[in-house]
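User: I am new to this structure and would like to learn how to read a few of its features. Could we go through them one at a time?

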Amino acid sequence: MRRTSRNFRIRGAAGRHGPALPPRRAVRAAAALAAGVLAVSLTACGGDGDGGDGDDKGKASGDTGTTVTLPKLDGQTLEVAAVWTGTEQKNFKQVLAEFEKRTGAKVTFVPAQDPIINFLGSKIAGGAPPDVAMLPQPGAIKQAVEKNWAKPLGPEATKELAKNYSQGWQDIGKVDGKQYGVYYKAANKSLIWYNAQVFENAGASEPKTWDELLNTAQMVYDSGVTPFSVGGADGWTLTDWFENIYLSQAGPEKYDQLAKHEIKWTDPSVKEALATLAEVWGKKDYVAGGPNGALQTEFPASVTQTFTGGDQPKAGMVYEGDFVQVNIGETKAEVGTDAKVFPFPAVGDTPPVVSGGDAAVILEDSEAAQALVTFLASPDAAAIHAKLGGYLSPNKNVPQSAYPNEVQQTIAKALVDAGDDFRFDMSDQAPQAFGGTPGKGEWKALQDFLKNPSDVAGTQAKLEADAAAAYGN
């Protein structure tokens with residue numbers, strides 16, 4: 001889920017590459033997002049934001065109003081595949097339950113594995129594809145179209161999308177000018193969450209620059225707590241670390257060029273970004289469990305270990321997106337009081353503002369499948385999920401009040417206010433073999449770099465070899 005002006009990048013694109021947006025527009029819109037997030041921890045109210053067990057909150061799902069008319073689908077069945085697990089899956093099932101209630105259709109959630117395109121390939125080969133899939137990588141959408149798996153959206157879904165989404169969000173769901181995807185879920189992936197008690201004990205404040213972040217880390221370390229928790233077992237978290245640094249440091253034009261492999265990974269700008277990243281990863285006492293421990297830590301655990309253990313947790317800070325709130329909700333910490341957040345600090349002139357997203361794509365065309373995607377493009381569906389926490393929608397007509405706490409409301413408003421001005425997650429623009437496959441390409445190269453951050457040149461060479469093979473240039 002997976003970046004010098006303030007830049008905004010979205011996980012997802014039409015095909016592999018998003019539009020190159022005018023830097024001035026990107027500065028204006030993304031600056032608003034960064035400014036909004038800067039105020040988050042000062043204005044945040046409490047609330048766990050995780051949706052609890054979902055039982056009570058689910059009862060409110062019918063209170064979102066009805067803005068879209070759906071057909072009666074009694075007796076029809078649908079399967080929806082996504083890689084979501086745990087609370088994220090449970091909350092999405094409440095959205096599906098509302099669709100069932102309103103249409104009479106029966107919807108089954110199909111747990112998928114990463115990379116989802118491989119999972120779908122096996123299902124299709126076996127003659128049992130799901131009707132709809134939630135695709136987290138634009139390369140996967142493009143592949144699904146090229147393989148003739150994906151079906152274009154019909155007029156009702158397209159109309160609902162146009163009514164509720166900015167043109168930019170519509171465009172990133174297109175391939176060769178046709179609308180295939182509805183970006184149902186988004187994420188702001190330029191946030192660092194911290195244990196408020198740890199910061200208070202260390203006398204630390206929220207940093208605004210990379211140098212200040214390093215000073216803050218030293219203060220936390222001196223207070224007796226390891227500064228950072230890193231979920232290195234999941235390669236996508238590491239690409240997000242790199243991309244935030246690269247976007248802020250190298251700038252948007254270089255970022256776009258690297259995303260398209262128009263410049264090589266052996267470029268000096270990549271060397272500089274890796275060297276900067278090593279200022280954290282290269283200090284084994286700065287990372288919980290050291291490099292080996294981090295490589296065995298999956299993303300959910302990287303969050304929970306930051307907010308358990310009282311004022312002596314395994315780490316004081318954890319980097320990742322707004323969806324961290326779901327995992328914080330699995331602890332006793334409250335978002336806005338015990339768990340606070342600040343924007344990823346500026347490495348270059350200004351901070352990066354980046355994001356990600358998941359698109360609903362139809363694989364088996366039918367009236368029911370089109371109706372479900374139409375529903376997912378509506379404020380009705382997004383508002384249900386928003387109330388449960390740990391979720392952001394790019395749908396501009398979702399009421400801000402639908403989000404359960406001020407942290408989430410601030411981030412959601414800024415996401416929508418950015419309009420068309422965003423950039424895409426670099427690893428998600430890449431061919432999946434390079435940017436989205438466990439144990440391969442960028443994920444593997446950065447895991448190796450986490451283990452040995454002194455090998456900048458070797459990491460660059462490996463990244464370039466894998467990129468050249470995947471891009472074919």
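User: Is D176 buried or exposed?

Analyst: Keep in mind that this is a predicted model. D176 has a relative accessible area of 76%; the cut-off for exposed is over 50%, so D176 is exposed. This residue sits in the loop between β5 (174-175) and β6 (178-179).

User: What is the phi of D176?

Analyst: The general idea comes first. Most residues other than glycine have a negative phi, and most peptide bonds are trans. In this model, D176 has a phi near 55°, a positive value in a residue other than glycine. H261 is not a glycine either, and its phi is positive, about 60°.

User: Is H261 buried or exposed, and where does it lie?

Analyst: H261 is in the loop between α12 (252-259) and α13. Its relative accessibility is 6%, so H261 counts as buried.

User: Which residues are joined by a cis peptide bond?

Analyst: D114 and P115 are, with omega about -10°. P115 belongs to the loop between β3 and α5 (116-125).

User: In which sense do β2 and β3 pair?

Analyst: Strand β2 (residues 77-82) and strand β3 (residues 106-111) are parallel, paired over six bridges. Together with helix α4 (residues 86-103), the strands β2 and β3 form a right-handed β-α-β unit. β2 also runs parallel to strand β4 (residues 132-135), joined to it by two bridges. There, V80 is opposite V132 of β4.

User: Why is helix α22 described as largely enclosed?

Analyst: Count its buried residues. In α22 (residues 441-451), eight of the eleven residues are buried, so the rest of the structure largely encloses this helix. Among the buried ones are W443, L446, F449 and L450. The buried residues of α22 pack against several helices, including α11, α13 (268-281) and α23 (456-471).

User: How do I read a cavity, and what lines the second largest cavity?

Analyst: Rolling a probe the size of a water molecule over the atoms shows where empty space is left. Here the second largest cavity holds about 50 Å³ of space. Its lining includes S229, W241, F299, Y319 and E320. At least two lining residues come from each of α11 (235-250), α15 (299-304) and β10 (317-319).

User: How many residues of each class are in that lining?

Analyst: The lining of the second largest cavity has five nonpolar residues, four polar and one charged.

Conventions. Residues numbered from 1 in each chain as written. Predicted model: local features only at pLDDT ≥ 70, side-chain atom pairs only at ≥ 80, totals over all residues. Heavy atoms only, no water. 1 Å grid on protein atoms, 1.4 Å probe; cavity = no way out; pocket = protein on both sides within 12 Å on 5 of 7 lines; lining within 4 Å. Points joined across faces, edges and corners; volume = space filled by probe spheres on them. Helix = DSSP H or I, 4+ residues; strand = E, 2+ residues; numbered from the N terminus. Nonpolar A, V, L, I, M, F, W, Y, C, P; charged D, E, K, R; others polar. Buried < 20%, exposed > 50% of the residue type's maximum accessible area, 1.4 Å probe, protein only. Contact = heavy atoms within 4.5 Å. Pairing = 2+ DSSP bridges. Right-handed = clockwise from strand over helix to strand, strands pointing away.
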